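Trainee: Before we discuss any detail, could you show me the model and then take me through it, one topic at a time?

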Amino acid sequence: MKDFGIDEEVETVNGDVKTFETKVVAAPEIQLMDPPKTNKKPDSESKAVVPPKPEYLRFEDIRAAALNIQSGIQKTPCTYSRLSKQYSMEIFLKKEHLHYTGSVKERGVLYLLNSMNQEQQKKGVIVATDCSFSMAVAHHAVELRIPLFVIMPASVAQPRLRMYRDYGAMVISYGSTARDSLKHARHLAKENGYLSLEEDDSAVYLAGLGTVGMEIYEQVPKLDAVIVPAGGQCNLLVGTAAAIKHLNSRITVIGVEPEGFPLLLQSLKTGSPVTNDLYSMPNKKLYGDLFEHSLGLDSFQLAKKCVDKVISVREEDSLVAMLRFQEFEHSTVDTEGAMGLAAIIAGQLPELKGKRVAVVVSSANMDLDLIRQCVDRALVLDDRVNKFTVQLGDFPGDMAKLLDVLAREDIKLLDVCHRRHGDRGDLFKAQVECVVETRDKTQSVQLRRTLSERYPTLRWLDR
């Protein structure tokens with residue numbers, strides 16, 4: 001019994017019984033390695049030992065999040081892309097834009113809501129910004145029967161407000177700016193005991209987003225690199241990177257952010273997080289979700305530890321990437337979701353040639369009118385829509401001959417303008433301006449060559 005820490009009665013040789021006190025003691029502490037022995041110093045000379053700071057985001061947290069949200073979040077596909085041959089690498093697209101609200105943020109939001117205590121869930125939550133995060137909160141809070149209030153400024157378009165109402169949220173219009181509605185939401189939360197939810201870099205939210213990294217590792221064997229959109233707080237990037245680096249530290253993690261808002265890139269150069277006040281918003285319509293918050297200190301430290309490379313991409317490259325998604329993947333994504341592919345299209349990652357690369361497609365939340373404008377602009381940037389002027393004789397059949405040339409070259413005519421010149425020098429001449437669309441750059445070059453041979457007055461207009 002002594003082996004278990006218990007003393008017992010012992011009988012002596014002469015038959016007498018000697019009684020010892022029975023006492024239960026704790027089992028000895030087991031140590032993997034005994035610390036080295038040192039001579040004890042006087043108390044005045046000894047120094048207090050500071051325990052190491054616990055990790056902000058552990059892989060165990062991400063794994064717990066994956067188990068917690070698996071019944072409410074679909075496991076999105078990570079499929080081989082038809083663009084692989086064109087860019088000489090094996091590209092796998094992690095299609096996070098296929099979530100119900102069109103955003104990867106559903107993962108972090110659902111884990112946040114599930115982590116709330118029952119009392120708080122009964123009182124409800126409140127959000128006050130029109131973004132992918134708020135839409136994810138609206139959807140999952142209603143699914144979990146958590147009362148939800150959405151405070152939006154009067155400037156938010158009615159179709160957007162209708163979307164929140166369709167999810168089942170109570171929508172209240174207040175103020176003329178996002179700052180007014182946010183201030184009012186915080187006031188209501190304090191007064192009524194609601195939980196005001198704003199996107200931040202809390203460990204719970206990051207753990208939910210980190211489940212993307214776990215899934216990519218399971219879905220793509222022998223992976224060489226992962227490209228993740230970054231911007232603002234870089235939550236998706238650092239959460240994914242933490243999971244990937246734990247599973248295989250040799251996999252390269254690359255963050256991509258807009259050229260006009262390189263928050264993480266500049267923070268890494270200066271050695272500390274820089275605020276978004278230092279940058280003007282290049283295009284809020286295209287990158288609105290990325291500018292709401294500055295980079296947090298904890299996210300910055302995780303990025304320093306887990307992210308291997310950060311690059312920035314031009315707005316033009318993101319628009320062309322959106323076009324590639326529509327043509328080759330039959331998918332509509334927004335500019336944030338297209339940033340990873342934009343880095344490949346722009347030729348900024350030559351070291352990935354011949355490698356197996358996963359690209360996270362984070363979101364697809366963009367109004368239809370804006371999508372149409374982006375596609376039109378992308379066609380111009382991709383040399384697929386061109387504009388030219390040519391001088392023709394003002395005689396029957398001259399215009400028909402030009403149109404016949406375009407038809408034989410299989411060119412799509414988008415617009416044509418025919419003007420007669422009134423000055424004496426151009427008597428019997430007409431100026432014709434055409435806007436045409438080609439299949440690709442090769443056909444565009446062929447068209448330029450054909451028209452230049454036939455029309456000496458041909459002039460191509462700048463994009």
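Mentor: Let us begin with a definition: a contact means heavy atoms within 4.5 Å. This is a predicted model, in which local features need pLDDT of at least 70 and side-chain atom pairs count only at pLDDT 80 or more, while totals for chains, interfaces and linings use all residues. Residues are numbered from 1 along each chain as its sequence is written, and side-chain values use heavy atoms, with hydrogens and water left out.

Trainee: Among contacts in the protein chain between residues at least 6 apart in sequence, what percentage joins residues at least 24 apart?

Mentor: The count takes contacts between residues at least 6 apart in sequence. Of these contacts, the share that joins residues at least 24 apart is 72%.

Trainee: What percentage of the residues in the protein chain is buried?

Mentor: A residue is called buried under 20% relative accessible area, exposed over 50%, and partly exposed in between, with a 1.4 Å probe and protein chains only. The protein chain has 463 residues, and the buried part of them comes to 47%.

Trainee: In what order do the strands of the open four-stranded sheet lie?

Mentor: Helices (H or I, at least four residues) and strands (E, at least two) are DSSP runs, numbered from the N terminus, and two strands pair if DSSP finds at least two bridges between them. The pairing in this open sheet is antiparallel, and its four strands have the order 14-15-13-16. Each edge strand pairs on one side only, and these edges are strand 14 (412–420) and strand 16 (459–460).

Trainee: Which residue of strand 15 stands opposite Phe388?

Mentor: Strand 13 (residues 385–393) and strand 15 (residues 429–437) pair in the antiparallel sense over nine bridges. Opposite Phe388, the residue in strand 15 is Cys434.

Trainee: How far from Cys434 is the nearest cysteine sulfur?

Mentor: A disulfide is a pair of cysteine sulfur atoms within 2.5 Å, and by this rule the count comes to zero disulfides. Cys434 is accordingly in no disulfide, and the nearest cysteine sulfur, that of Cys417, lies at 9.2 Å.

Trainee: Is Cys434 buried or exposed?

Mentor: The relative accessibility of Cys434 is 0%. With that value, Cys434 counts as buried.

Trainee: How many residues apart in sequence are the parts that Glu198 and Arg186 tie together?

Mentor: A salt bridge is a side-chain nitrogen of Lys or Arg within 4 Å of a carboxyl oxygen of Asp or Glu, and the side chains of Glu198 and Arg186 meet in one at 2.9 Å, N to O. Glu198 lies in the loop between strand 8 (195–196) and helix 7 (203–219), whereas Arg186 is in helix 6 (residues 178–192), so the separation of the parts tied together, in residues, is twelve.

Trainee: Which partner of Asp308 forms a salt bridge with it, and is that partner, Lys245, buried or exposed?

Mentor: Asp308 forms a salt bridge with Lys245, the closest N and O atoms being 2.7 Å apart. The pair links distant parts of the chain, 63 residues apart, with Asp308 in the loop between helix 11 (297–306) and strand 11 (309–313) and Lys245 in helix 8 (residues 235–247). Asp308 is partly exposed, with a relative accessible area of 45%. For Lys245 the relative accessible area is 17%, and Lys245 is buried.

Trainee: How many salt bridges does the rule give?

Mentor: One network of salt bridges links Lys94, Glu96, Arg107 and Glu215. By the rule, the count of salt bridges comes to 24.
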